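Please go through the structure below with a few of its local features in mind.

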Amino acid sequence: MRPLSSVPRAPQSRASPGPGRGPRPPPCALPFPDALRAAAAAAAVSLSLLTGDAVGAVVAQPVEVCQDGGAAVVEEVRGEAVTNEQLVEEAWEVVNESFLPDAGSHPWSPEMWMQRKQDILQGTIKSRARAHDIIQKMLASLGDPYTRFLSPSEFSKMSKYDMTGIGLNLREIPDDNGSIKLMVLGLLLDGPAYSAGVRQGDELLSVNGIDVRGKSAFDASSMLQGPKETFVTIKVKHGDCGPVESMKVQRQLVARTPVLYRLEKRENDDYSVGYIRIKEFNAVAKKDLVSALKRLQNSGATYFVLDLRDNLGGLVQAGIETAKLFLNKGDTVIYTAGRDRQVQNTIVGESGPMISTPLMLLVNNRTASASEIVASALHDNCKAVLVGERTFGKGLIQSVFELHDGSGIVVTIGKYVTPNHKDINGNGIEPDYNRLPDFNEARDYLSRCRLKELS
């Protein structure tokens, strides 16, 4: 079982085992609890509500060995054979270690789940198709629509997702000094980065001359983005003991801007309104929102409207970074809760807000997932008035795990809780107004909210 990371990183294409690669041990030899805890700690995958496709995934960590003081040789541990019974037990173990019990509509307990395994494995499973069918039914019994099975072909399509534009998958790894370095843990074979000479296990050092050591994988991925067929210069270190190399990589894939904005002059009023709509949260959402806010401020915007209607989510980390743009340092963005303590986390603002003027945030019943994180963070911290309809109510955290035969399962491992300690999932967020209030009314509402917070 291989955990697929979250957010936000792009997975790699799966390569065939090369010569000299030994068979992978069967699932029973894997340290399931440790592996799952590591995956859960990193996982915060926002899944599309319409297509069910994950926006981020992770691959197996490579084993890296330096040879002769030169370039590192990266070997990915892969499995050659796994029995049908082992495959089913592997999927069962993932759920047993990670599943969030209250995510499903059916009662769940470790004892009930153990009994289900005993019932399933009483007989021989004679075909791989039958094993997949058993896993599907086993997951369906949880009553959670987001926990589901992925066939090998579905998993393969998912793992071609790329948010950098040059076909690589970055992950934050702590170094010996306690700081963060960015490692390439996945590549699209024959993609731009691979063709330029980047290899799995390389460390990304800079993007267009800007040092990325200490930056998040999300920020570095955003820096790599740009117009299709333009070039980005990256510097990488090949393995732990290999040479440092600079290379120009031609961008191939690009995330389109999800941010639309305009300045509106209100008739008979002495102010202008900066209107911003975010259609989804992708790798360039934060960067383009910052640009929009600056341009509208420079054009004289007195108030702002942020429109998240029909925004079904996208990259959770992009939503979190967007919320931070409006919050004070130390303000709570969101809490994450789950069975494992490493899933339990408090995410807070890291600097001051970009704007201090009143903000109205438009929502409806198709405002979901990452959008609900933004809406609750700004609302509960008295930074925005919510206007419209109750939001969708999708506040679960999924992690994606690759099974030994190339199939996979998506499992709900946690949930999001608002700064005011309300469960988003199944409840949504209630707006303050159903109609658009006057901006003076919105300003007074936010002032009362802040006074209440201080009392």
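Helix H2 (residues 84-98) packs against helix H3 (residues 110-120) at an angle of about 175°, and their axes are 11 Å apart. Axes here are lines fitted to C-alpha atoms, for helices over the stretch in contact, with angles running from 0 to 180 degrees between N-to-C directions. H2 is therefore roughly antiparallel to H3, a term for angles over 145 degrees. On the H2 side the contact (heavy atoms within 4.5 Å) involves Val-88, Glu-89, Trp-92, Val-95 and Asn-96, and on the H3 side Trp-113, Met-114, Lys-117 and Ile-120. Sorted by class, the contact of H2 with H3 has six nonpolar, one polar and two charged residues.

This is a predicted model, in which local features need pLDDT of at least 70 and side-chain atom pairs count only at pLDDT 80 or more, while totals for chains, interfaces and linings use all residues. Residues are numbered from 1 along each chain as its sequence is written, and side-chain values use heavy atoms, with hydrogens and water left out. Helices (H or I, at least four residues) and strands (E, at least two) are DSSP runs numbered from the N terminus.

One disulfide is found in a search of the whole structure, the criterion being a pair of cysteine sulfur atoms within 2.5 Å. The sulfur atoms of Cys-382 and Cys-449 are 1.9 Å apart, and the link is left-handed, with -65° about the S-S bond. Cys-382 lies in the loop between helix H10 (370-380) and strand E17 (385-388) and Cys-449 in helix H11 (residues 439-454), so the pair ties together parts 67 residues apart in sequence. Both Cys-382 and Cys-449 are buried, meaning under 20% relative accessible area with a 1.4 Å probe, protein chains only.

Helix H9 (residues 316-324) is largely enclosed by the rest of the structure, because eight of its nine residues are buried.

Notes:
Buried < 20%, exposed > 50% of the residue type's maximum accessible area, 1.4 Å probe, protein only. Parallel < 35°, antiparallel > 145°, perpendicular 65-115°, else oblique. Nonpolar A, V, L, I, M, F, W, Y, C, P; charged D, E, K, R; others polar.
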